[in-house]
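I open this notebook page to record what I looked up about a ligand and the space around it. The entries follow the order in which I checked things.

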Amino acid sequence: MTDRAAQEAPVNEIDPTGAVADWWATAVSRMEPGVIELRGRPVQDLIGTTGLTSMIWLMLRGDLPAPRQAALLDAALVAAVDHGPQAPSIAIARMAATCGVGLNNAVASAVNTLGDAHGGAGEQCVRLLDDVIRREDAGLDLRTATDRAIADGPRYLPGFGHRFHPRDPRRDPLLALVEDAVRDGVVPGRHLRAGKAIEARLAEGRDRPVPMNIDGATAIIYAELGFPAPLARGLFVLSRSVGILAHAWEESQSGRRNKGPVPRAVLPAYVPDRP
Ligand SMILES: CC(C)(COP(=O)(O)OP(=O)(O)OC[C@H]1O[C@@H](n2cnc3c(N)ncnc32)[C@H](O)[C@@H]1OP(=O)(O)O)[C@@H](O)C(=O)NCCC(=O)NCCSC(=O)C[C@@](O)(CC(=O)O)C(=O)O
């Protein structure tokens with residue numbers, strides 16, 4: 001059959017068993033000539049009526065959020081957008097942008113640094129909070145459930161600790177919004193409770209606190225809103241991509257070329273006998 005004949009043929013003639021149509025079968029979107037539906041809604045109904053945050057919710061979950069849910073998600077997405085060129089993801093974006101690659105390459109390079117230690121810890125943090133809740137549901141009091149989850153967790157608990165901030169300035173406003181949402185019955189509040197219990201436990205007996213960081217505070221929001229753990233990382237990536245793009249764009253306009261991680265006058269130490 002020619003390409004043209006294949007395009008014009010009724011679907012069942014070229015795919016009688018439906019195997020080809022099922023290859024990428026999806027509930028996310030439907031496209032036919034003249035038709036674009038996203039989660040069952042014509043795109044023309046969404047254009048001009050639906051904000052990007054609600055759109056993210058719709059695409060990931062299949063329904064639209066209530067206004068308070070959208071506002072909470074929006075706050076988390078706004079909070080993690082940028083942390084300046086000290087953040088590895090932002091530094092990589094800027095460095096890549098001076099290397100003669102396109103914006104897409106700079107953004108992709110930066111996104112690829114978001115992992116367990118930087119920006120991607122929200123995923124494991126949700127699992128840790130779930131672990132506390134599971135132990136409580138099994139009959140332990142919060143303190144014991146928290147202690148056991150910490151004891152069984154990794155040495156560096158995901159969502160806690162920060163290189164710069166004794167108290168991450170993004171923590172308090174985010175948690176205050178969750179507290180309001182709990183009070184108004186928008187979210188249940190159990191992940192918030194578990195996160196604060198871990199934070200309090202980590203602070204005990206320490207001179208230098210191990211504060212909840214942006215990955216932890218946003219993980220609480222994503223979990224409270226019912227997003228599965230891997231999407232805590234996915235949503236951080238979406239949010240940080242905004243800052244990454246802005247920095248890559250700004251750097252690309254600077255005219256600087258082939259910029260390294262530190263000024264060229266600063267040379268890394270040469271340590272021949274370093275293992
Ligand atoms: C983030 C960092 C590597 C920092 O390390 P630091 O170098 O400060 O800590 P260290 O010097 O290794 O430890 C000093 C003492 O605290 C203890 N201690 C530290 N963290 C502890 C912890 N989590 N659980 C128990 N104990 C801990 C440690 O055991 C030691 O205790 P001791 O030996 O007794 O002295 C570390 O916390 C960590 O891996 N966190 C877990 C992974 C995580 O959540 N990642 C997200 C970080 S947010 C982010 O990525 C977004 C960002 O904000 C990034 C940015 O720009 O930076 C942005 O917006 O872009």
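Which residues are the closest to the ligand, and how many surround it? I keep in mind that this is a predicted model, and I find that 25 residues surround the ligand, with H83, Y156, F160, H162 and R240 as the closest. Sorting the residues of this shell by class, I count ten nonpolar, seven polar and eight charged.

At L157 the backbone takes part, with one of its polar atoms 2.8 Å from a nitrogen atom of the ligand. I then looked up how far the ligand is covered, and wrote down that it exposes 1,100 Å² when taken alone, of which the protein buries 75%.

Where does the ligand sit? I find that the space it takes is the largest pocket, and that this pocket has a volume of about 990 Å³. Its lining comprises 37 residues, and those nearest the centre of the pocket are Y156, F160, G161, H162 and N213. The elements that give two or more residues to this lining are α9 (122–137), α13 (214–224) and α14 (229–252), and α9 supplies the largest share, three residues. By class, I record 19 nonpolar, nine polar and nine charged residues in the lining of the largest pocket.

How values were computed
Residues numbered from 1 in each chain as written. Predicted model: local features only at pLDDT ≥ 70, side-chain atom pairs only at ≥ 80, totals over all residues. Heavy atoms only, no water. Near = heavy atom within 4 Å. Polar contact = N/O pair within 3.5 Å; in protein donor to acceptor, adjacent residues only side chain to side chain. Areas by Shrake-Rupley, 256 points an atom, 1.4 Å probe, with all protein chains shown as cover. 1 Å grid on protein atoms, 1.4 Å probe; cavity = no way out; pocket = protein on both sides within 12 Å on 5 of 7 lines; lining within 4 Å. Sits in = over half its atoms within 2 Å of the grid points. Nonpolar A, V, L, I, M, F, W, Y, C, P; charged D, E, K, R; others polar. Points joined across faces, edges and corners; volume = space filled by probe spheres on them. Helix = DSSP H or I, 4+ residues; strand = E, 2+ residues; numbered from the N terminus.
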